[in-house]
Amino acid sequence: MDLLMSLWEWLGENLVVVQILIKIVIIVAPLMLCVAYFTYAERKIIGYMQVRIGPNRVGPKGWLQPIADAVKLMFKEIIIPSGANKTLFLIAPVLTLGPALAAWAVFPFGDGLVLSNINAGLLYLIALTSVGVYGVIISGWASNSKYAFLGAMRSAAQIVSYEIAMGFALVGVLVAAGSLNLGEIVRAQEGEGGLFNWFWLPLFPLFLIYFVSGVAETNRAPFDVAEGESEIVAGFHVEYSGMPFAVFFLGEYANMILISALTSLLFLGGWLSPFNGWPLLGPMFDWVPGIVWLFIKTAFVGFFFLWLRATFPRYRYDQIMRLGWKVFIPITIVWIMVVGLAVVFEMPWWFD
Amino acid sequence: MLENYLPILVFVAVGIAVGVVMITLGFVLGTRRPNSEKLSPYECGFEAFEDSRMKFDVRFYLVAILFIIFDLEIAFLFPWAVVLDKIGMVGYLSMALFLGILVIGFIYEWKKGALEWE
C-alpha cells in the first residue's frame, strides 16, 4: 500500500499525464459499463411496462445481453455509402461520443472528488454539450441520403431550440448558487433542511424545463422525430452500420446519463444526503458515502427517461417547436427574474 | 491556475480517442464485401432518383439565426448571474432593462410568425 502511494506521488511529480490518464480510466471505464447496462435497463424496464420480460436469453436473466450486442456490432460490416463524404461520415460519430465523455472532466463525484476543479465548470459543460449537434448535422449531410438529411435538419433545429431553454434554466441555477464551479453549486444547496434545501424547490419550473429540454436535446421519446421510425426510418444515422453506429448509440446513451447526472447535481443536491440535518433520519444515513447518493439520484432521473419513452406518444414537430420557443423560453425568462429578486432580497431558507 | 486545465485537455483527447479506436476496431474485425447495391443510399428499395442534398425549408435558417441571438443573451447573463448577490438592486434593474428589450424583440418575432410551424 505504501509502495503504491509513493509510486502515485512519484507519478504526480514526474509523469503528470500518466497520472491523469489513470484517473480518466477510473472515470471512463465505469461510465462505459453504466452506458452498456443502461441499454439493458431500458429494454428490461420498457419490457415490464409493456407486460413482457425483455431480454432474458444471453447469460443469467439476460445480464450478458449488452456485451453480446457490443461483440455483434464489432464484427458487422461497416458500410460507407457510395455518395458519402468519407471523412465527414466517420468523424460525425466521434463528435457525438467525444463531448459526452469529455464533459465528465469537471464533474464532482463527491466533496472535492473531481478530476479538474475549475471555476468555469458550467461554462465548459455548456460548450461541450453544444458540440453534440455537429455530430448530428455532419452525419446527415455526409450520408448523402434523403432520410438522413431530413432527420439531421429536424434534429438540429430541435436541439438548438431546446438549448436556449436549457441555457436559461442554467442561468437560473447560477443566479441561485452564485458560482460557475459545479462543486460550489452543490455546496450552495447544503443546509439543515436536507432535500428541501436543494434547488429543485425554489427553481421548480426551471428544474422541469431543464429535464424536459434534456430529453429533447438527446432526441429521446417523446421528442424523437429525428428518428421517427415510421416516417424517416432512423433519421440521421440511417446509413450507419457496425461500429460507427455503435459509437452513435453509445454517444446517445452517454448523453442521457450525463443529463441525468447534471440534473441531480444542479437541482437535486449532487452528493448531499437527502436527510441532511433531519432529527432522526439524518444521523441514520450519515455513513452512506456521497457518491452513492449521487448514483441513486442519477439512476432515479435516468429512470424517468425510460418511463417517458414507454408512456408518451411522439410529439408532432410543430408542437415540439412551439413547446420549446413559446412555452419554455418565456417561463424561464420570468423565473430568472423571480429568482434574481429572491437573491437580491436574500430570501430566507435558500438565499440568505 | 492553468494546470487545472491540463486534465481537461487530456480528457478531450481520450474522448476522441475512444471513438476513433472503436471505429478502427470495427474496420479491423468486420467483414468487407461491398457491392454497388449495398453502397447505394437507402430509399426504401427505390433507386435514388435525385440528389439528396435538396432544397429545404427556410424556417430552419430562421431557427438557426434566432438561436444565435438567444444564445448570445445567455452568454451575457452568465457573468451577471454569478455576481448578482454583490451588485444588488442596481445590477438587477439594469439586467431587467436588458431582458425587457430582449422580450420586446421576442414578442415582435412571435407576432411576425417566425415561430410558426404548420
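This is a predicted model: local features need pLDDT of at least 70, side-chain atom pairs count only at pLDDT 80 or more; totals for chains, interfaces and linings use all residues.
**Notebook: chain A, chain B and the contacts between them**

I began at the interface of chain A and chain B, where the rule finds five residue pairs in polar contact, both residues at pLDDT 80 or more; a polar contact is a pair of N or O atoms within 3.5 Å, where within protein one must be able to donate a hydrogen and the other to accept it, and residues adjacent in sequence count only if both atoms are side-chain atoms. Residues are numbered from 1 along each chain as its sequence is written, chains are lettered from A and ligands numbered from 1 in the order in which they are written, and side-chain values use heavy atoms, with hydrogens and water left out.

**Entry 1: the interface**

I looked up which elements of chain A give two or more residues to the side that touches chain B, and found helix H2 (16-49), helix H4 (86-102), helix H5 (121-142), helix H6 (146-177), helix H10 (242-266) and helix H13 (317-344); helices here are DSSP runs (H or I, at least four residues), as strands are (E, at least two), numbered from the N terminus. The largest share of that side, 16 residues, comes from H6(A). By class, I read 60 nonpolar, 13 polar and eight charged residues on the side of chain A that touches chain B, where Ala, Val, Leu, Ile, Met, Phe, Trp, Tyr, Cys and Pro count as nonpolar, Asp, Glu, Lys and Arg as charged, and the others, Gly among them, as polar.

In total, 81 residues of chain A are in contact with 66 residues of chain B, contact meaning heavy atoms within 4.5 Å. The two chains bury about 6,700 Å² between them, with 79% of it on carbon and sulfur atoms; buried area is the accessible area (1.4 Å probe) that two parts lose on being put together, summed over both. I noted that A:Lys146, A:Trp325 and A:Lys326 supply 12% of the area that chain A buries against chain B, more than any other three residues.

Which residue of chain A forms a salt bridge with B:Glu116? I found A:Lys326, with the closest N and O atoms 2.7 Å apart, and the rule finds one salt bridge across this interface; the term stands for a side-chain nitrogen of Lys or Arg within 4 Å of a carboxyl oxygen of Asp or Glu.

**Entry 2: salt bridges within chain A**

Over all chains the structure holds nine salt bridges. In one of them A:Arg309 is paired with A:Glu42, the closest N and O atoms being 2.7 Å apart, and this pair links helix H12 with helix H2 of chain A, 267 residues apart. A:Glu42 is buried, with a relative accessible area of 4%, whereas A:Arg309, at 37%, counts as partly exposed; buried means under 20% relative accessible area, exposed over 50%, and partly exposed in between (1.4 Å probe, protein chains only).

I then turned to A:Asp224 and A:Arg314, whose closest N and O atoms are 2.8 Å apart in their salt bridge. A:Asp224 sits in the loop between H8 and helix H9 (229-232), and A:Arg314 in the loop between H12 and H13, 90 residues apart. At 11% relative accessibility A:Asp224 counts as buried, while A:Arg314, at 31%, counts as partly exposed. I also recorded that salt bridges that share partners join A:Glu42, A:Arg220, A:Glu252 and A:Arg309 into one network.

**Entry 3: aromatic rings**

I counted on the tally of 31 aromatic pairs over all chains, a pair being rings of Phe, Tyr and Trp (its six-membered ring) with centres within 6.5 Å, where planes under 30 degrees apart count as stacked, over 60 as edge-to-face and the rest as tilted. The rings of A:Trp104 and A:Phe107 have their centres 4.8 Å apart and their planes at 55°, so I list the pair as tilted, and both residues are buried.

**Entry 4: A:Ser260**

A polar atom of the A:Ser260 side chain lies 2.7 Å from the backbone oxygen of A:Met256. Leaving aside neighbours within four places in sequence, I found A:Ser260 in contact with A:Thr298, A:Val301, A:Gly302 and A:Phe305.
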